[in-house]
Amino acid sequence: MKRINEIFHSLQGEGYNTGTAAVFVRFSGCNLQCHFCDTPHHSGTVMSEKQIIEEILQYPLAPLIVLTGGEPSLFIDHDFVALLKRYTGKLVAIETNGTNPLPDNLDWVTLSPKGAYRGGDTFPLVIDHCDELKVVYTGQPLAPYFDIRATHRFLQPCYCDDAAARQQNIEATIKAVLDDPRWRLSIQTHRLLGIR
């Protein structure tokens, strides 16, 4: 049984797979307390693996499942990922803060470390490689992130409610990418489009 915040069908809004149709499985619960998190971690529905798979199968054309949260690595293992693949035929991706080990049968790992932020620095990284490194940027030093082996590197402006601070983060992120082209810009297109 797993506590699920929501399961929904949408487009991946950020990072390498932006624009890809996906079924998002948002777990409820996280080991960090990042001040900018947009997931209510104390709510959710307890679901069996069978119920989760049945819900995912409501969207047969989406090629991708995105395990997100919260922190999905707290709730999944090799067997769960294998079940998702076997019964849905979809690729399985994860968005993780990197503070817990991951099963080795995931198809795509997006690592978004949170150690540079208040509330996100409780646990150290245990993941040192990924398909996609996505750094939520507020102007922090970038050199430590190059200790992580990543096929793709993205900087994403930290979204905040205050419009002036949000614009400052956008400008800082654009400048950082222009100054170091090893990074690519990621924006939260789902916010611009008004979708989940």
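This is a predicted model: local features need pLDDT of at least 70, side-chain atom pairs count only at pLDDT 80 or more; totals for chains, interfaces and linings use all residues.
**Entry 1: a loop with Gly70**

I started at Gly70, which is found in the loop between strand S4 (64-68) and helix H2 (78-88). Helices (H or I, at least four residues) and strands (E, at least two) are DSSP runs here, numbered from the N terminus. I then looked up the peptide bond from Gly69 to Gly70: it is cis, with omega near 15 degrees.

Residues are numbered from 1 along each chain as its sequence is written, and side-chain values use heavy atoms, with hydrogens and water left out.

**Entry 2: helix H3**

Next I went to H3 (residues 163-179), which has 17 residues. From first C-alpha to last it reaches 24 Å, close to the 24 Å expected at 1.5 Å a residue (1.5 Å times one less than the number of residues). At its start, I found a side-chain oxygen of Asp162 within 3.3 Å of the backbone nitrogen of Ala164.

Which residues of H3 are buried? I noted Asn169, Thr173, Ala176 and Val177 (buried is under 20% relative accessible area, exposed over 50%, partly exposed in between, with a 1.4 Å probe and protein chains only). Seen down the axis of H3, the buried residues fall within an arc of 95 degrees, so they line one face of the helix; the arc is that of the directions from the helix axis to the C-beta atoms. What covers them includes strands S7 (129-137), S8 (149-157) and S9 (184-185). On the other side of H3 I listed exposed residues, including Gln168, Glu171 and Lys175.

**Entry 3: the second largest pocket**

I checked the second largest pocket and got a volume of about 240 Å³. Its lining includes Tyr159, Arg166, Ile170, Ile174 and Ile187. S8, H3 and helix H4 (189-193) each give two or more residues to that lining. Which element gives the largest share? H3 does, with three residues.

**Entry 4: Ile187**

I ended on Ile187, one of the residues lining that pocket. Ile187 sits in the loop between S9 and H4. Is it buried or partly exposed? It is partly exposed, with a relative accessible area of 38%. Leaving aside neighbours within four places in sequence, I found Ile187 in contact with Gly13, Glu14 and Leu192 (contact means heavy atoms within 4.5 Å).

Methods: A polar contact is a pair of N or O atoms within 3.5 Å; within protein, one must be able to donate a hydrogen and the other to accept it, and residues adjacent in sequence count only if both atoms are side-chain atoms. On a 1 Å grid over the protein atoms alone, a cavity is a set of points where a 1.4 Å probe fits but cannot get out, and a pocket is an open set with protein on both sides within 12 Å along at least five of seven lines; lining residues have an atom within 4 Å of a point. Grid points are joined across faces, edges and corners, and a volume is the space filled by probe spheres set on the points.
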